[in-house]
Amino acid sequence: ISVAFVAALGFANAMMWPAIFPLAIKGLGSHTELGSALLIMGIVGGALMPQVFVHLKQYINFQLAFLMVIVPCYLYILYYGVIGHNVGTRPA
């Protein structure tokens, strides 16, 4: 059952990306190419976070290491989806 939930989490992550990308590049104007390039490079976080987890796991409890790595990532995604994508824009 836990393997199914991990797989479902991966599916949910894959569904977030098409929603995050347009929010991130909306309104960049002439900086759209640079903004989209930086966003694509941000995918590297998906490669770095497991490494951070592995190093933390050597020193602290498995669950605590998992929470220390995953919770801040998902909190930032929540912030960006709700408020962060509007930062720097004028209200209509």
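Ground rules next. I am working on a predicted model, where local features need pLDDT of at least 70 and side-chain atom pairs count only at pLDDT 80 or more, while totals for chains, interfaces and linings use all residues. Residue numbers start from 1 along each chain as its sequence is written, and side-chain values use heavy atoms, with hydrogens and water left out.

**Overall look**

I counted four helices and zero strands in the protein, and from the N terminus on the order reads α-α-α-α. The C-alpha atoms fill a box of roughly 45 × 25 × 20 Å along the principal axes.

I then checked burial: 11% of the 92 residues count as buried. Here buried means under 20% relative accessible area, exposed over 50%, and partly exposed in between (1.4 Å probe, protein chains only). Of the contacts with a separation of 6 or more, 33% come from residues 24 or more positions apart; contact means heavy atoms within 4.5 Å.

**UniProt spans**

The unreviewed UniProt entry lists residues 6-25, 37-56 and 62-82 under "transmembrane region". I note that UniProt positions are given in the numbering used here, feature names are shortened, and annotations may be inferred rather than shown by experiment. Residues 6-25 are 100% helix and 0% strand, with the end C-alpha atoms 29 Å apart. Residues 62-82 are also 100% helix and 0% strand, and there the end C-alpha atoms lie 30 Å apart.

**H1 against H2**

At what angle do H1 and H2 pack? I read about 145° for H1 (residues 2-25) and H2 (residues 32-41), with the axes 9 Å apart. Axes are lines fitted to C-alpha atoms, for helices over the stretch in contact, and angles run from 0 to 180 degrees between N-to-C directions.

I listed the residues that make this contact: Trp17, Phe21, Ala24 and Ile25 from H1, and Thr32, Gly35, Ser36, Leu39 and Ile40 from H2. By class that is six nonpolar, three polar and no charged residues. The classes put Ala, Val, Leu, Ile, Met, Phe, Trp, Tyr, Cys and Pro as nonpolar, Asp, Glu, Lys and Arg as charged, and the others, Gly among them, as polar.

Back to Ser36: is this residue buried or exposed? Ser36 counts as buried because its relative accessible area is 19%. Leaving aside neighbours within four places in sequence, I found Ser36 in contact with Phe21 and Ile25.

**Other stops**

Gly42 is in the loop between H2 and helix H3 (45-57). Gly42 is partly exposed at 46% relative accessibility, and its C-alpha atom is 31 Å from that of Ile1, 41 residues apart along the chain.

I moved on to H4 (residues 62-82), where Phe62 has its place. Phe62 is partly exposed at 45% and touches Phe53 and Lys57, not counting residues up to four places away in sequence.

Tyr74 is in helix H4 too, partly exposed with a relative accessible area of 28%. Which residues does Tyr74 contact, leaving aside neighbours within four places in sequence? I noted Leu9, Asn13 and Met16.

Technical notes:
Helices (H or I, at least four residues) and strands (E, at least two) are DSSP runs, numbered from the N terminus.
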